[in-house]
Amino acid sequence: MEKAFVAIPADLKAKLLSVAVPTISAVLFKKGFNSRFFAGLQPLSEKASRFCGPAWTVRAIPVREDLRAKIASGELPSPNRQAFDSTPAGAVLVCGSGLNPDVAVMGDIITTSLMVRGVAGAVIDTGVSDANLIATMAFPMVCTGSAPVSSFAKVMVIDHGLPIGVGNVAVFPGDIIVGDPNGAVCIPRDIAEAVADAAVEQEALEAFILARVHAGAALEGTYPPNADTMAAYRSARAAQKPH
């Protein structure tokens with residue numbers, strides 16, 4: 001049964017959008033999650049690359065020719081259109097096909113449809129058609145690149161709203177997807193608040209360390225920080241907080 005869509009609380013979304021994907025990935029690694037980054041997938045445009053939203057999962061499998069023919073003729077409904085049309089505003093469409101960079105599950109028309117309905121972005125393990133046009137849109141697209149060949153050449157969307165695999169990343173409906181110019185990462189929903197808080201704190205620490213390195217501090221004892229550096233950081237952090 002398709003899992004009900006649940007939006008992300010505004011304060012959590014703001015925190016996740018304030019930190020970089022590599023920071024989130026590093027925090028997840030410390031928590032024992034080393035398979036959360038969508039390796040091999042890149043944003044088409046740096047100008048439209050920062051996004052955050054719950055995963056709306058779409059599953060594609062190797063094509064079966066008889067079903068492909070019936071869908072193309074209209075004899076069967078299109079699971080592709082059903083999956084894309086039902087993507088809620090604020091969600092991130094995530095499509096797993098088993099990694100097929102030489103075909104495209106979407107192009108500029110489907111992308112436009114998602115964009116005008118307020119979908120937050122898309123992460124797909126195929127290419128896209130009309131990549132040059134999608135790259136100019138105000139819609140974050142993370143994919144394998146340009147592939148102006150219909151997905152029907154190899155794969156077909158079969159269902160949505162179920163757990164999927166995108167490369168080595170298991171994505172469950174409602175997991176939180178965050179993207180920026182570095183790519184995209186998947187956060188299990190039940191640890192998202194803890195990950196966000198830790199990522200905000202990690203970036204504050206890294207800013208402190210970077211300032212020290214700019215001032216000429218040696219890496220030894222500064223990065224990673226030793227006890228003295230951490231004590232100095234905590235003191236500086238406490239002075240920044242309102243009393």
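Q: Leaving aside neighbours within four places in sequence, which residues is cysteine 186 in contact with?
A: This is a predicted model, so keep that in mind. Setting those sequence neighbours aside, cysteine 186 is in contact with Leu28, Arg36, Phe38, Val169, Ala170, Val171, Asp175, Ile176 and Ile177.

Q: OK, and which strand is cysteine 186 found in?
A: Look at strand E10, residues 183-187.

Q: Is cysteine 186 buried or exposed?
A: Buried: its relative accessibility is 0%, and the cut-off for calling a residue buried is under 20%.

Q: How many Å separate the C-alpha atoms of cysteine 186 and alanine 26?
A: They are separated by 12 Å, while along the chain the two sit 160 residues apart.

Q: Switching to E4. How many residues of strand E4 are buried?
A: Seven of the seven, covering residues 121-127, so the rest of the structure largely encloses E4.

Q: In which sense do E3 and E4 pair?
A: Strand E3, residues 92-104, pairs with E4 in the parallel sense, over six bridges.

Q: Which residue in E4 stands opposite leucine 93?
A: That would be alanine 122.

Q: And what is the bridge partner of alanine 122 in E5?
A: Methionine 141. Strand E5 is residues 141-143; E4 and E5 run parallel and are joined by two bridges.

Q: New topic: where is asparagine 80?
A: You'll find asparagine 80 in helix H4, which covers residues 79-85.

Q: Buried or exposed, that asparagine 80?
A: Asparagine 80 is buried, because its relative accessible area is 16% and the limit is under 20%.

Q: What is asparagine 80 in contact with, leaving aside neighbours within four places in sequence?
A: Val105, Ile110 and Val157.

Q: Where does leucine 219 lie?
A: In the loop between helix H7 (192-214) and helix H8 (227-240).

Q: Why does leucine 219 count as exposed?
A: Because its relative accessible area is 53%, and exposed means over 50%.

Definitions and conventions. Residues numbered from 1 in each chain as written. Predicted model: local features only at pLDDT ≥ 70, side-chain atom pairs only at ≥ 80, totals over all residues. Heavy atoms only, no water. Helix = DSSP H or I, 4+ residues; strand = E, 2+ residues; numbered from the N terminus. Buried < 20%, exposed > 50% of the residue type's maximum accessible area, 1.4 Å probe, protein only. Contact = heavy atoms within 4.5 Å. Pairing = 2+ DSSP bridges.
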